[in-house]
Amino acid sequence: MTTTPALERDADSAVVALYTEHYHSLVRLSALLLGDTGAAEEVVQDSFVALHRAWSRVEAERELAYLRRTVVNRSRSVLRRRTVADRYHHDPEPVAASAEAVVVSQSEAQHVLACLRRLPPRQREALVLRSYAELSVAEIADAMKLSKGAVKAHTARGRARLREMLIEEGSLVTQQ
């Protein structure tokens, strides 16, 4: 399928504008899902390439939603590949953590992220999109390809489980 040069320029400039405005927030979104900034950057780059290729098929004003959905889906794919790779390859555990690792592991933010990573994927995705990306339930539903009710359920269950983990591990004091 060939496109006219004017249409290509419009796609080029629009994708560049989206890239300039949303690249960093999409990398942070993917990094929260993956726990790896390098992989997140690759996922986001690939998502912008996919948007450019699909430009003529993407509805006007839906480009950002397309990008978010693509980032979430590609992050899921990376996680699936990791899971398969981890089944067949086990590195020995390090004998002792470095001083830097000890300091980082003690920080409250790192602990919350560790607990977040232990949530089931859909709950983690819903919480990251809701709390970090500050998306509405409708936007999350669109990005995750779920109903609004399913998004609400995943978000509620994820918050409850995250709270339980933090209380169990003494990181969160209950208010009575």
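Across the whole structure, a search turns up two aromatic pairs. In one of them, the ring centres of Y19 and F48 lie 5.1 Å apart and the planes meet at 65°; since edge-to-face applies to angles over 60 degrees, the pair is edge-to-face. The model examined here is a predicted one. This pair joins distant parts of the chain, as Y19 belongs to helix α1 (residues 5-34) and F48 to helix α2 (residues 37-53), 29 residues apart. Y19 and F48 also belong, with Y23, to one aromatic cluster.

How exposed or buried are the two partners? Y19 is partly exposed, its relative accessible area being 31%, whereas F48 has a relative accessibility of 4% and counts as buried. The cut-off for buried is under 20%.

Attention now turns to helix α6. This helix covers residues 121-132, twelve residues in total, and spans 15 Å from the first C-alpha to the last, close to the 16 Å expected at 1.5 Å a residue. Its buried residues are Q123, R124, E125, A126, L127, V128 and L129. After α6 comes E134, which has a positive phi, near 55°.

A helix that packs with α6 is α3 (residues 63-88); the angle between them is about 145° and their axes are 12 Å apart. The crossing of α3 and α6 is right-handed. On the α3 side the contact involves V72, R76 and L79, and on the α6 side R122, R124, E125 and L129. By residue type, this contact of α3 with α6 comprises three nonpolar, no polar and four charged residues. Of the α6 contact residues, R124, E125 and L129 are among those that are buried.

Note on methods: Residues numbered from 1 in each chain as written. Predicted model: local features only at pLDDT ≥ 70, side-chain atom pairs only at ≥ 80, totals over all residues. Heavy atoms only, no water. Helix = DSSP H or I, 4+ residues; strand = E, 2+ residues; numbered from the N terminus. Expected span 1.5 Å × (residues − 1). Buried < 20%, exposed > 50% of the residue type's maximum accessible area, 1.4 Å probe, protein only. Axes fitted to C-alpha atoms, helices over the stretch in contact; angles between N-to-C directions. Left-handed = near helix turned anticlockwise from the far one by under 90°. Contact = heavy atoms within 4.5 Å. Nonpolar A, V, L, I, M, F, W, Y, C, P; charged D, E, K, R; others polar. Phe/Tyr/Trp six-rings, centres within 6.5 Å; stacked < 30°, edge-to-face > 60°.
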